[in-house]
Amino acid sequence: LKLYSQATLVDLPGCYSLIARSKEEEIAHQVIVGHEEAAPEVILCAVDATNLNRSLYFLTQVIELERPVVVALTMVDAAEKQGIKVHTEQLATRLGVPVVEVCATKGLGIEKLAQTLTAQVAQPPVKIKHLDLVFTKVPFLREPAERVSADLSVGTFFWCLCSSFQASQNGRAKWPESVTLLHQSLWREHPTLGRDLIEARFYAVEKLLEGMFTTQHSTDRQTE
């Protein structure tokens, strides 16, 4: 990627969630949220066009950090061979972040991706468009999220709540006291909160993908 000369690209291990369950995910998690060093100025997420469900689960967590995000939509050629056409512009609108189709083997979209990354540096946080979908399934989180908004943004609080449950088990979590107290009371009142949050995110991903791609089988074409 041809970025400004002072730009540093950090390649992280592939992840399916920001709640680390492996050493690789732990490393990626620490870099993305800025635990050890300053958080990245812009986050580039590679999203597999042949497996959008799994890719968007992770991507929604990254967007909730409310930092500049750019999506590189990869495997587009493989998806088209499977008869799948992703509506890229519509996906970008629904997510609220730039989405650029790329094909590394052919070099397609690489220059546009570099320009988009450069343009996103130091941009203000994006509005998290999918949170209402999540709150549809976990409405009891909306008011607490607003209550701690002075300490954390709504999106960061939601991620923090998901992550702090696991992190608190080994003493790594260092959240504001207001979040720690809410974390304790919410888990006490909603003992299935972990499962509820996972299901809420999958629901949000499902809704985000409605009408987002077209499949072609033989001569028949239908919208999923």
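Is C45 buried or exposed? C45 is buried, its relative accessible area being 6%. This value, like every other in this report, was computed from a predicted model.

**Overall architecture**

The protein contains 10 helices and six strands. Among the contacts in the protein with a separation of 6 or more, 69% are accounted for by residues 24 or more positions apart.

**Cysteines**

A search of the whole structure for disulfides finds zero. For C45, the closest cysteine sulfur is that of C15, and at 9.3 Å from the sulfur of C45 it is too far for a bond, given that a disulfide requires two cysteine sulfur atoms within 2.5 Å. C103 is another buried residue, with a relative accessible area of 10%.

When residues up to four places away in sequence are not counted, S17 touches E25, Y57, F58 and Q61. 

Helix α1 itself contains I27, which counts as partly exposed at 38% relative accessibility. Together with V10 and V31, I27 makes a nonpolar surface patch of about 230 Å².

T60 has its place in helix α2, which spans residues 52–63, and it counts as buried at 1% relative accessibility. A polar atom of the T60 side chain lies 2.8 Å from the backbone oxygen of Y57, and Y57 is also one of the residues that S17 touches. Leaving aside residues up to four places away in sequence, T60 touches H130, R201, V205 and L208. Of these, R201 is also a partner in a salt bridge, described next.

**Salt bridges**

| Pair | N to O distance | Relative accessibility |
|---|---|---|
| R201 and E64 | 2.9 Å | R201 2%, E64 0% |
| E101 and K85 | 3.8 Å | E101 29%, K85 35% |
| E143 and R147 | 2.7 Å | E143 43%, R147 52% |

The side chains of R201 and E64 meet in a salt bridge of 2.9 Å, N to O. This pair links distant parts of the chain, with R201 in helix α10 (residues 193–208) and E64 in the loop between α2 and β2 (69–74), 137 residues apart. R201 is buried, with a relative accessible area of 2%, and E64 counts as buried at 0% relative accessibility.

The salt bridge between E101 and K85 has its closest N and O atoms 3.8 Å apart. Because E101 lies in strand β4 (residues 99–101) and K85 in strand β3 (residues 84–86), the pair ties together parts that are 16 residues apart in sequence. E101 counts as partly exposed at 29% relative accessibility, and K85 is likewise partly exposed, with a relative accessible area of 35%.

In the salt bridge that E143 forms with R147, the closest N and O atoms are 2.7 Å apart. Both residues lie in helix α7, four residues apart, or about one turn of the helix. E143 is partly exposed, with a relative accessible area of 43%, whereas R147 counts as exposed at 52% relative accessibility.

**The loop between α6 and α7**

F140 has its place in the loop between α6 (131–137) and α7 (142–147), and at 24% relative accessibility it counts as partly exposed. With residues up to four places away in sequence not counted, F140 touches L186, H190, L193 and D196. H190 is 50 residues from F140 along the chain, and the C-alpha atoms of the two residues are separated by 9.3 Å.

Key
Residues are numbered from 1 along each chain as its sequence is written. This is a predicted model: local features need pLDDT of at least 70, side-chain atom pairs count only at pLDDT 80 or more; totals for chains, interfaces and linings use all residues. Side-chain values use heavy atoms; hydrogens and water are left out. Contact means heavy atoms within 4.5 Å. Helices (H or I, at least four residues) and strands (E, at least two) are DSSP runs, numbered from the N terminus. Patches are made of residues with over 30% relative accessible area and no salt bridge: like charges are joined within 9 Å, nonpolar side chains (Val, Leu, Ile, Met, Phe, Trp, Tyr) within 5 Å. Accessible areas come from the Shrake-Rupley method with a 1.4 Å probe; for residues, only the protein chains shown count as cover. A salt bridge is a side-chain nitrogen of Lys or Arg within 4 Å of a carboxyl oxygen of Asp or Glu. Buried means under 20% relative accessible area, exposed over 50%, partly exposed in between (1.4 Å probe, protein chains only). A polar contact is a pair of N or O atoms within 3.5 Å; within protein, one must be able to donate a hydrogen and the other to accept it, and residues adjacent in sequence count only if both atoms are side-chain atoms.
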